[in-house]
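Hi everyone, thanks for making time this morning. Let's have a look at the model together, and I'll talk you through a few spots.

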Amino acid sequence: MEKLRSEFSVTRMSDVLEISRQAFYAWRERGKSAHAKKDEELSELIVKSSATSRGTYGCPRIQADLIGLGEHVSRKRIARLMLENRVSGRVKRKFRVIKADPNELAPAPNELDRDFARETPNSAWVSDITYLWTSEGWLFLCVVIDLFSRRVVGWSMDETQDTALVLRSLDMAIAQRGNPSGLLFHSDRGCQYTSGDFRDHLKLKKIVCSMSRKGNCWDNACSESFFGTLKQELVHTGIWKTRADLRSAVYEYIEVFYNRNRRHSSLGFVSPAKFEEDAA
């Protein structure tokens, strides 16, 4: 009735809705309940959290944001307020298993053996390559991820997916993190990783090589998970006209958002940078 007062009289609305005018005016004098006022405050924080995450956060990560602000709110209440404010996170696309190339070169043994939980930085890195489509054609992205914090420590993009692509990613990771003793480097059996040049580079840096089993994507699940998140939250949000546009967006996503700000569920809903800072 309050919203429609500019269009209809209180008397007419009272008659139609069978509500007494005295009850309506009494409600106006009481004002909003404390619960309703709190819902309004929380709604503002939820909308802000969603906007900061570029519309990617769902209920769990928004809850983590609110807890960080001192607001301990149930997920049920957050979900209700998200629905009322038309806020929703992005849903991941279903994972598709891609068979390994039957013509792979001699692989290294699977030294990682799905041991993705690491207690110290730079004890194990994982790497993989993915395809990103633009109107100009494919853009290939290679990343190196530290399993300790899930931080992307090295990455490279190019129009071709050759050994140089993975070498640049590895060298970037080493430049940022040093050349840790006893480091384990895990990848799939792609020809870029099984090439003599790449294997020789690992030996030169005294890095132990590990590779997934044939056709088993779960042996490198952390890399697959990152690519799924990247495509869901960035690549699949629009049409990329040029490789340059997508390069710039991927750079900003990795270095500004993902590494420093995006809350990671396996890290207790803090960012990789925050997780490393707290551990240090």
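First, a word on naming: helices (H or I, at least four residues) and strands (E, at least two) are DSSP runs, numbered from the N terminus. Keep in mind that this is a predicted model, where local features need pLDDT of at least 70, side-chain atom pairs count only at pLDDT 80 or more, and totals for chains, interfaces and linings use all residues. Residues are numbered from 1 along each chain as its sequence is written, and side-chain values use heavy atoms, leaving out hydrogens and water.

Let's start with helix H1, residues 10-17, which is where you'll find Val-16. Is Val-16 buried or exposed? Buried means under 20% relative accessible area, exposed over 50%, and partly exposed in between, with a 1.4 Å probe and protein chains only. Val-16 counts as exposed because its relative accessibility is 61%.

Moving along, Ser-20 sits in the loop between H1 and helix H2 (21-30). Ser-20 has 37% relative accessibility, so this one counts as partly exposed. Ten residues separate Ser-20 from Val-10 along the chain, and their C-alpha atoms are 9.4 Å apart.

Now to the sheet. Five strands form an open sheet with mixed pairing, in the order S3-S2-S1-S4-S5. Two strands pair if DSSP finds at least two bridges between them. At the edges are strand S3 (151-158) and strand S5 (208-211), each pairing on one side only. Strand S4 (residues 184-187) runs parallel to S5, and four bridges join the two. And which residue of S5 stands opposite His-186? That's Ser-210.
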